[in-house]
Amino acid sequence: MSSPSDRMLTGGCYCGRVGYQVDDAFDYALICHCGNCRRTTGSAFKPFAGIPRDRLSLTHGADGLMVYGDDLTNNTHCASCGSLLYSVVRNGEWVHVAMGTLIDTPTIRPSAHIFVGNKAPWHQITDDLPQYQEFPP
């Protein structure tokens, strides 16, 4: 597991109502092609970076969140513009930060595509990253 970073990244939603900060110390980054990620982002895939939940904090707009799910597993959006900010996963202990909502550039880069067995048939993966039908081994 990574040690806490001295560098903090900022992120936020499209309209600016919700902002967050997160350590630049992600443990993994992946590109998910599952149907749920496609529908929640409106895109062919969701690039995300995983980190323990306590390493992300809201800087403003906590009253502007729309949480779909419960405290242990959810997708957290801005209630005003709908931007998916992060997903709470792994029994509520981790967050998968939607990398497109980061304002600052993280050190980590996605290392693989997951759930390509469910990818949009109209999308072609054109990079050389490993591809997994579901989760990586």
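The model is predicted: local features need pLDDT of at least 70, side-chain atom pairs count only at pLDDT 80 or more, and totals for chains, interfaces and linings use all residues. Residues are numbered from 1 along each chain as its sequence is written, and side-chain values use heavy atoms, with hydrogens and water left out.

**The sheet**

Start with the strands, coloured by number. Strands (E, at least two residues) and helices (H or I, at least four) are DSSP runs, numbered from the N terminus. Seven of the strands, in the order 6-7-8-9-4-3-10, form an open sheet with mixed pairing; strands pair if DSSP finds at least two bridges between them. Strand 6 (65–69) and strand 10 (113–114) are the edge strands, each pairing on one side only.

Select strands 6 and 7. They are antiparallel, with 5 bridges, and Leu-65 has Cys-78 in strand 7 as its bridge partner.

**Strand 9**

Next select residues 94–98. Strand 9 is largely enclosed by the rest of the structure, because 5 of its 5 residues are buried, where buried means under 20% relative accessible area, exposed over 50% and partly exposed in between (1.4 Å probe, protein chains only). In a regular strand, side chains alternate between the two faces of the sheet. Here Trp-94, His-96 and Ala-98 are on one side and Val-95 and Val-97 on the other, and both faces are covered.

Val-89 has Trp-94 as its bridge partner. The two strands form a hairpin with 4 residues between them, and Arg-90 in the turn has a positive phi of about 55°.

Ile-51 stands opposite Val-95.

**Gly-50**

Stay in strand 4 (residues 46–52) and pick Gly-50. Is this residue buried or exposed? Gly-50 is buried, with a relative accessible area of 0%. Beyond its neighbours within four places in sequence, Gly-50 is in contact (heavy atoms within 4.5 Å) with Phe-26, Asp-27, Tyr-28, Trp-94, Val-95 and His-96.

**Nonpolar cores**

A nonpolar core is a set of buried Ala, Val, Leu, Ile, Met, Phe, Trp, Tyr and Cys residues joined through side-chain atoms within 4.5 Å. The largest has 19 residues, and Tyr-20, Val-22, Phe-26, Leu-56, Val-95 and Val-97 have the most contacts inside it. Strand 2 (19–23), strand 4, strand 8 and strand 9 each give two or more residues to this core, and strand 8 has the largest share, 3 residues. Another core, of 8 residues, lies apart from it and includes Leu-30, Cys-32, Phe-48 and Ala-112.

**Largest pocket**

Now show Cys-34, Asn-36, Cys-37, Asn-75 and Ser-87, which lie nearest the centre of the largest pocket among its 20 lining residues. Which element gives the most to the lining? Helix 1 does, with 4 residues.

**Asn-74**

Finish at Asn-74 in strand 7 (residues 74–78). Asn-74 is buried, with a relative accessible area of 6%. The side chain of Asn-74 reaches the backbone oxygen of Asp-70 at 2.8 Å. Leaving aside neighbours within four places in sequence, Asn-74 is in contact with Val-67, Tyr-68, Gly-69, Tyr-86, Ser-87 and Val-88.

Terms used. Polar contact = N/O pair within 3.5 Å; in protein donor to acceptor, adjacent residues only side chain to side chain. 1 Å grid on protein atoms, 1.4 Å probe; cavity = no way out; pocket = protein on both sides within 12 Å on 5 of 7 lines; lining within 4 Å.
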